Amino acid sequence: MSRSLPLMSAAEVAKHNTKKDIWVTLYQRKVYDVSNFIGEHPGGADIILPYAGKDITGIMADVVSHVHSESAYEMLDDDMLVGYLATSKEEKNLLQNKNNTRVDVTLSDDENFDMYEFHDHLPALEKLWIKTDFSEDAKKHKFLDLNKPLLMQVLRGNFTKEFYLDQVHRPRHYGKGSAPLFGNFLEPLSKTPWWVIPIIWIPCNFALFYVGFSNQSPITALSLWVLGLFVWTFVEYFLHRCIFHMDKLLPESSIAFTIHFLLHGVHHYLPMDPYRLVMPPTLFLILAFPFYKLVFAIFPFYQACSAFSGGTLGYIIYDITHYVIHHTKLPQFLQELKTYHLEHHYKNYDLGYGVTSRFWDVVFGTEITETYQKTA
């Protein structure tokens, strides 16, 4: 339903930043007056106050900070929406309007950033949190309904390979935790919190490193450990490009599409899902076993321990980095790494396979640059 409300400049919104007068924005577009709500906020006023006059898209979607239900978004729209934040072009018009610093605009509810498209440039990070309209998405794209378990929809969808690959790589955002994958008792097995990785694997990794380090010369142990760490960077690239993205080699088969979706497709379909960003321990064991057998076949036991501990540490760093890239505000010197990986999701999924480094992308010519852009 259309609503006619004032169009406001960013400077005007920023003025409302005191305890008794708090305005915030969502998606860098909708402006809310939450002054009378902060005393009733379940998480307390202290969570809201730092965002006075600022955008709350990221914190609203941050499950670590506080889970917000769909009704929380509805309450904002129903009770606290006071206007719309002007775009840079609209703001120029506001400045030129000397008789009236505000103008009315009419926006339909679905006039939002279109995250289904591929982009020449990475969109503002706040826009990646815009919740997908489930009904509109299913009706428009005729792919998957986010209200229902996803895996059986893929299996029974009777999609063509071209259609499946096109749709599964167009990002959606569930907006309230994790979308149902199985819809039954198997659902918890598909979700892995990021902190499970260091808790399970760092003690194992340290024990392996200690066995290798204490039974051979430190130089030999550390040299093989560094070698294993470096080899992991190639394994990371190889797995991502040749296993997770074996898109062109997929058979024209619903079973193949379902396996692809379970392995990596669901991550591209819902890239901001916080519980499907790191590898479930069982899957890691399956994928790591061939490398384990290879390393221990090539090297004597203690040397193999050192090399394999370096490689598995590389994996731990990779998984934690992957989560951090999607869900944490990084310092400036790491921002380029975050941008590069998100471009893989929102700009061109056929390039940019390196997560912790773009080194092998440069070597094999798969680096994302301004020259390479995915067309919709």
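This is a predicted model: local features need pLDDT of at least 70, side-chain atom pairs count only at pLDDT 80 or more; totals for chains, interfaces and linings use all residues.
With a relative accessibility of 66%, K248 counts as exposed, because exposed means over 50%. D350 is partly exposed, at 22%.

The structure holds eight salt bridges. For another one, select E187 and R276, whose side chains meet at 2.8 Å, N to O. E187 lies in the loop between α8 (161-168) and α9 (196-214), and R276 in the loop between α11 (254-269) and α12, so the pair ties together parts 89 residues apart in sequence. E187 counts as buried at 11% relative accessibility, and R276 is buried at 10%.

Next, pick R358 and E367, a salt bridge of 2.8 Å, N to O. R358 is partly exposed at 25%, and E367 is partly exposed at 21%.

Then show the surface and select L227, F230, V231, F234, F238, F291, F359, V363 and F364. Together they form a nonpolar patch with about 760 Å² of accessible area. Two or more residues each come from α10 (218-244) and α15 (359-364), and α10 gives the most, with five. F291 lies in helix α12 (residues 281-298) and is partly exposed at 30% relative accessibility.

Finish at T25 in strand β3 (residues 21-26). T25 counts as buried, at 4% relative accessibility. A polar contact of 2.8 Å joins its side chain to that of D55. Beyond its neighbours within four places in sequence, T25 is in contact with residues including V13, V31, I56 and L85.

Methods
Residues are numbered from 1 along each chain as its sequence is written. Side-chain values use heavy atoms; hydrogens and water are left out. Patches are made of residues with over 30% relative accessible area and no salt bridge: like charges are joined within 9 Å, nonpolar side chains (Val, Leu, Ile, Met, Phe, Trp, Tyr) within 5 Å. Accessible areas come from the Shrake-Rupley method with a 1.4 Å probe; for residues, only the protein chains shown count as cover. A salt bridge is a side-chain nitrogen of Lys or Arg within 4 Å of a carboxyl oxygen of Asp or Glu. Helices (H or I, at least four residues) and strands (E, at least two) are DSSP runs, numbered from the N terminus. Buried means under 20% relative accessible area, exposed over 50%, partly exposed in between (1.4 Å probe, protein chains only). A polar contact is a pair of N or O atoms within 3.5 Å; within protein, one must be able to donate a hydrogen and the other to accept it, and residues adjacent in sequence count only if both atoms are side-chain atoms. Contact means heavy atoms within 4.5 Å.
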